[in-house]
Structures are given as structure tokens and as C-alpha cells.
Amino acid sequence: MSNIFEDLENDETQGPTIFKDKRPLDHRWLPDKLVHREEQIRQIAKNWIDVLSNVTPSNVTLYGKTGTGKTAASKFAREQLIDIARKKNIFVKVEYIRCTDYTTEYQVIAELCNKLGRDVPNRGWTKGEVVNTFRDIFKTNAFGKKLHLIVILDEIDILLDKDGDGILYTLTRTENVSVLCISNYLDFKNLIKSRVTSSLNDKEIVFPPYGADQLSDILKERAELSFNENVLENDVIPLCSAMAAKEEGDARYALDLLKNAGELAFDEDSEKVTNNHVKRAKDKIEHNKVIEIISTLPLQQQRVLESILNLTKQKEEITSGKLYEAYTDLYKKDAVTYRRIFDFINELEMLGIISTNTISRGRGKGRTNIIKLQCDETLLETTLFSI
Ligand SMILES: Nc1ncnc2c1ncn2[C@@H]1O[C@H](COP(=O)(O)OP(=O)(O)OP(=O)(O)O)[C@@H](O)[C@H]1O
Ligand SMILES: [Mg+2]
């Protein structure tokens, strides 16, 4: 029996395909060179270099908006440090923790223990037991060498918000341990009490948004590895870069545009990736983003959105009062209060799904909030009713 994959691979009628290797276009792929981040990586290294003389490095914090290369730069520095430490026979571990996966101090410390070879259950022990087990690792070690640990806490805001700053207190007060925090917010220190800020005493490194030219350089590197020669029309990379520069200089978005544009061209058996593919890739990404946002909203918010959708279809002007009426009509039994609806409206507006506009009704009649849908009606409808 013939094999469909083999047939496709051997199909002579298929011209040169679009992709040479799709992996470099994946977010998780770590390039072996990070252009325009040399300075930030140098700063990290200048702090970490102490460990090569058996001194615990200073703590470091990386700040920057989404897609500015914080995760990539920290992983890059980590690889380089592990490499040199191995050569110099220095006993150092650099452990990467994504705080969206480990959202409490217990979970992070337990995970670190497990990574360092101590069995700790995911739950059940007291925090004190876990912390003591963790600290023991730095007292004794089988090799008679001093273990240094650098913990990368990526997206730390989530952990601090959920479980407080205990994790930083514990880590910064354990001998031989140093932390590198990664945050999207410059004001993340507001989530930390002063006793912790003083023991953190960190060096701060800022990752500014990329400009269009910098994004072009990043994309060129990836494109060379991913696409076959002469497949990309000349203006494809500049267009992806310009669009992503508008989205706050987000390299992830730029890569997504390029990858999706390539996939569209591939699906259509096109020989080239064109501007038009990029524009459609943008729509596709936005489409998927809206679907993801809507389908992960809490049920009550989905119901409010459903009421907004109904009123929009009836071509009604939507005020908060009218929205509440429509919503309670639909869900009499377990409707939430009018006050909560206001919170929902704000949240939906922040997510960019609706907009609100305050208008004055004329003298003596006060002001009213008018709500408008900001996403495609049909898309919203199919998403709401397919959840
Ligand atoms: N200077 C660069 N050179 C090459 N690729 C880069 C560069 N900066 C970022 N990237 C790539 O862009 C994508 C996003 O980068 P990264 O995940 O490091 O962003 P981030 O700042 O951690 O964003 P977030 O705050 O959303 O987590 C990754 O695939 C990364 O490899
Ligand atoms: Mg990141």
C-alpha cells in the first residue's frame, strides 16, 4: 500500500516547497544568536560571572513588555553559563521556572528540590518541611563541592499576585542561591514587602520594545533557516516587522505573522509568500486571539457578552441599563448584581472585545455610557455557542 506522506514527499509536480525547516519559527525555539540583545545578555553575564569564582551572584530582574526577548535572553545566558561552568568544573545549576506552571511558593520549592534530586511530593508536606529539605541541599553534597543555584523565575508577577512574596524571601535567604526575576511590569516591586526588597537588592535590566528595523533583522535570521531560497517576496519581512512594531515591538507577534503567512502560502500551493498572505495572516491571528479570549472568559462574562451580541443584532443602542435588563431577562435565576456588570464591562473593554463611549444627553439629562462590540459578530456568535 502506498503511503500518503511518501507520495507527497515524492510528488514531482510540487514545486520547491515553502519551508525548509519550520522549527525556527516556533516561539520555543532558542536561536544561537540574539541580535539587538547583546547588551542585555552582557549585563546578565556581568552579574552571573561571580559564580565562576564561587561567589553567589547578585539577583537580577528583567523588565520589558511582551515579546521583547526576556525569556530568550535568560535562556541564552543560562546555556552559556552552563557551558563554561562545565569546562571550568564549577558546580552550578541554573533552573528555569515558569510561574504560570508553578504558582505557589510550595510548588516552586518542591519543583526545585525535585530538579536537584530530592523527592518532595507535590502536596502534603508543610511549607517548612519543603523549605528545610531545599536548604539542606546547600549544606551537604555528595561531591564535596559547593553547589550554586541560580533560579530563573519567569512571569513572576503571577506568582507574587497569587501567593505573595514568600518565595523571594525564602530564595534570597538561602545560602548560595541567586534569583533572576522576569516581569512584564515595571512596578512589580509594589507586590513585594520592603523586608524582601532589601534582601533582593537586585540589578535591573530593561528590555525596550523592538523597532521595525530590529524586528526585520530578527526575522531575517529566522527566515534564512526556515524558508527556501527566494520564496519570500521582498516586502514580506518589512511588512511583518512594521505590523509588529505597531504592536508594541513584539518579536513573538512578528514571528507569528511570518509563520502564518508561510503556512497560508503552503496551504494554497503557492510558490511565493506575498504581502497578501501577511495581511491574511494578521486576520487569522486576530481571529484566533478573539476565540481564545472569549472561550476562556468566566461563564457570567460570556453571558453578558451574549446579551451585548443580542442587543447589537437588534440594532439597539446599548446603555449599561439596557444591557442589565437584557441580561437579567436571559438569565433570571442566577443573574449577578448591576455593580458586577460594571466590572465585567470594564474587563471586556480592557480585553478589546467591546468599547464604551460616554455621551452627554444634553443639558440636565446627564451622561450615558454607550457600549459597542469591537469584534466580529459572527465570530462571537459561533464562539459563544460552540463552547
Ligand atoms: N533578539 C532576538 N533575536 C532572535 N529572536 C528573538 C529575539 N528577541 C525575541 N526573539 C524571539 O521572539 C519570541 C519572543 O521572545 P521572548 O519569549 O523571549 O519574549 P518575552 O520578552 O519573554 O515575552 P513575554 O513577556 O510575553 O514572555 C521568541 O521566539 C524569541 O526567540
Ligand atoms: Mg517570556
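Helix 10 (residues 236-246) and helix 12 (residues 275-295) pack at about 25 degrees, their axes lying 9 Å apart. Helix 10 is therefore roughly parallel to helix 12, a description that covers angles under 35 degrees, while angles over 145 count as roughly antiparallel, 65 to 115 as roughly perpendicular and the rest as oblique. Helix 10 and helix 12 form a right-handed crossing. On the side of helix 10, the contact involves Val236, Leu239, Cys240 and Met243, and on the side of helix 12, Asn275, Val278 and Lys282. By class, 5 nonpolar, 1 polar and 1 charged residues make up this contact of helix 10 with helix 12.

This is a predicted model, in which local features need pLDDT of at least 70, side-chain atom pairs count only at pLDDT 80 or more, and totals for chains, interfaces and linings use all residues. Residues are numbered from 1 along each chain as its sequence is written, and chains are lettered from A and ligands numbered from 1 in the order in which they are written.

Helix 14 (residues 320-330) packs against helix 15 (residues 338-350) at an angle of about 110 degrees, with 11 Å between their axes. Helix 14 passes helix 15 in a right-handed crossing. Here Ser320, Leu323, Tyr324 and Tyr327 of helix 14 meet Tyr338, Ile341, Phe342 and Ile345 of helix 15. The residues of this contact of helix 14 with helix 15 comprise 7 nonpolar, 1 polar and no charged.

Residues are in contact if their C-beta atoms, placed from the backbone, lie within 7 Å. Helices are DSSP runs (H or I, at least four residues) numbered from the N terminus.

Technical notes
Axes are lines fitted to C-alpha atoms, for helices over the stretch in contact, and angles run from 0 to 180 degrees between N-to-C directions. Helices (H or I, at least four residues) and strands (E, at least two) are DSSP runs, numbered from the N terminus. A crossing is left-handed if the near helix is turned anticlockwise from the far one by less than a right angle, and right-handed if clockwise. Two residues are in contact if their C-beta atoms, placed from the backbone, lie within 7 Å. Ala, Val, Leu, Ile, Met, Phe, Trp, Tyr, Cys and Pro count as nonpolar, Asp, Glu, Lys and Arg as charged, and the others, Gly among them, as polar.
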